[in-house]
Amino acid sequence: MKKGTRLTVGLASLLLVVLYVTPIWQITLEAPQYPEGIGMHIRIDNVTGQKPNDLKNINGLNHYIGMKEIVPESIPELRIMPWVIGGLIVIGRTAAMTGWRWVGYAGIGLFVCTLLVGLVDFYMWGYDYGHNLNPKAAIRIPGMAYQPPLIGSKKLLNFTAHSWPAVGGWAAAVSLVVGTLAMFFDRKSSRGAK
Amino acid sequence: MSVKTKKNLLWGLGIVALVVASLAGCLSSETQTGSSDVASQVYVAPGSYDEFYAFMSGGFSGNLTVHGLPSGRLIKTVPVFSQFPENGYGYSDETKGMFMTSFGFVPWDDSHHPELSQTNGVPDGRWIFINGNNTPRVARIDLGLFETEEILEIPNSAGNHGSPFITPDSKYLVASTRFSIPIPQRDMAISEYKGNFKGTLSFIKADVPGEMDVAFQLVVPGFNYDLAHAGKGPSYGWMFFTSYNSEEAHTLLEVNASQNDKDFIAAVNWQRAEECVASGAGKDMKTSYYHNYMGENRIAVSTVKESVKVLVTSDCPDMIYFLPTPKSPHGVDVDPSGEYIVAGGKLATVIPVHSFSKMMDAIANESFEGEVDGIPVLKYDAVIAGEVANPGLGPLHTEFDGNGFAYTTAFISSEIVKWELGTWQVVDRIPTYYSVGHLMIPGGDSQKPWGKYLVALNKITKDRYLPTGPELAHSAQLIDISGDKMRLLLDFPMMGEPHYAQGIIADLLIDKQVKFFPLEENTHPYGVKSEAQTRVEREGRDVHVYMSTIRTHFSPDNIEGIRVGDQVFFHVTNLEQDWDVPHGFAVQGANTSELLVMPGETRTIRWEPKREGVYPFYCTDFCSALHQEMSGYVRVSPVGSTTPLAFGTGE
């Protein structure tokens, strides 16, 4: 790899450090009774309220429709994710330091896999929460499910749920795109040189 | 004149009176509200905030009510000196202590004068204080909570009317005695009043929550001390108190206390009094008075104080001067510059305005016309700055707009008179409906009034609202004072009897509002942190129910094993951690009240079941879609029953 590519790949992988401090995804709920908003942040290692107590209050609301309580400690992915992201950073740094192209390709491949698996996993959790409801719930509407949208907005009873990447999610996207482009142009130019 | 002619004449007069009255009616409906854009000036669109908070004393309700201006909307009632079954204040174990006095539990008072805390002479929005008139007390209300946090009883006092006026730095607020009494109290003939009964002027440390206390009291002649206001700017360090009944009458005061042409404003150099106290003057008088404070977990802690520092005039000869002031003065108000001291002589034909700088000169030159009980009486001509002529009948109270104008209420002629400081000329007047007492301009007694609105607080309403039997609402009237001419904008009814009021720009309070109490900080000895900790414990005949609430159930909601003759303590912790989600608790046959429990707090109500049976309890504050389901049962068994103690939810 060229010097410039190594520098870019190194910086792109370093960008992933942002994921340790900011949420990767946010689900915001809107309803007339919540003019101040209520929502949650999905981090690589935790699910938290957008404001203190938001998660507690969302769980409180969800119990009416029989949704399981969201308990971050019971979601194993949240314990694995910090290591996976750490691995991606190490691979990226290794590619940058050694200049070995195949390490870079492997990193991109792993990153894309992580992204796909992560989205599928997120969808499945959402599906489970939205469909696997307590049959004795106070509010039961035949045919109604409460799965939040994977991405975008959706009306769920009195709430409109908005699901979008947060700062960490955008940082990951930028990291992947920049790293991939750098590798792509490095390869192109090296081919041209041949 | 025949009888018939007389009758005809009377009829004629009657018709003339009717015509005049209806003309007046037409006139007033046009002139009272001015032009048609008045409505838009008081219209606060749905969802929008008012510009000012207004705090109205509740008078005989013992409460403080909070309104928005300019809409006049009632936003909140803050219970202070009266039990309030609406939320359990004064009934719950945590709040009962707030009413402790040296006379025992006193669950009512007459609250007259709210006073905002100040910094640099301007309301700062930390606290508002209010007096209890009947059993002398002062209270501090926290303006992040809108709850009464502290009540101090005033010893050696009766009729705590001239209170709680505050210094520009909130160092002291004062309490003066409307009724002079034997000090210390003793059994003696009322007819020996003159020379033997005394008044007191108390200076109370106000600026540290939990540490309100009487710093010192001045014993003064046995007049009736009425109202007060602090000096500011150049007159900082002085406090001015009106007095009437310098005759020292003890019966039929309406006549016997109205004989002297002039009574007095007592000008007190409180910084001088501080120096005297610091140098060891005065004595520590044994007495007994209560201090009640919402301490940890906002549980009232009552402390008895055994002694108070008392100064008589000979202890500190140059701390008080009397300013002669015409005819039983009521209000005393200091203009924003601190130079002018305006008195409302309720039977006077002029408004006398004293000059602080002239007063200081008169003291330096010893321009005295005599003395009373060792207190020098300054010469009227040596201290007077000017007299406002033709101020209306029965001038009572004055506030200021910060633009060089003063506004004085005239009770008897039922109007507000606007006049100019310095020229003493009346420039405008507007009728009030009817019999105005106090008035309030937001910040109008401070160094920087927000001189946009004026609120007249009227004693009589007669025909202003839909009639409601013998007792009618008192009223407030909002008047626009932003232009040269005052304009009446709005009438709105008051709860109880408003005396004084205070106003503050809303921005100073909005962001500091407490939304709920963090559960992790709740260390109430009978509180719970989660449903898992809820339980019922018996200690002899006392049964403690550690209960929780969360949308939408109680835990426990079924309780058995209670017996007739037990005393059941329902300790209810609201586990919610969101704004505006209180839960209520009420149980059938309780001889107390309900509880309204804010998120994160614990409140306790006692219940003594009288008869066996099964009694429901329920949430009283519509908390959620399933609020009606938020209920439970207590089973009460006969005395000596062996029904085991059992409790649970959802089993």
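Predicted model: local features only at pLDDT ≥ 70, side-chain atom pairs only at ≥ 80, totals over all residues.
Local features here need pLDDT of at least 70 and side-chain atom pairs count only at pLDDT 80 or more, while totals for chains, interfaces and linings use all residues. Residues are numbered from 1 along each chain as its sequence is written, and chains are lettered from A and ligands numbered from 1 in the order in which they are written.

Here is chain B in brief.

| Property of chain B | Value |
|---|---|
| Span of the C-alpha trace along principal axes | about 85 × 70 × 55 Å |
| Radius of gyration (over C-alpha atoms) | 28 Å |

Chain B has 7 helices and 44 strands (DSSP runs: H or I of at least four residues, E of at least two, numbered from the N terminus).

Now for α5(B), residues 356-364: Phe356(B), Met359(B) and Ala362(B) are buried. The buried residues line one face of the helix, because they fall within an arc of 115° seen down its axis (taken from the directions from the axis to the C-beta atoms). Their packing partners include β15 (262-269) and α6 (380-383) of chain B. Just after the helix, Glu366(B) takes a positive phi of about 50°.

As for chain A, 5 of its residues are in contact with 5 of chain B (C-beta atoms, placed from the backbone, within 7 Å).

Note on methods. Contact = placed C-beta atoms within 7 Å. Rg over C-alpha atoms; globule rule 2.2 N^0.38 Å. Buried ≥ 20, exposed ≤ 12 C-beta atoms within 10 Å, placed from the backbone.
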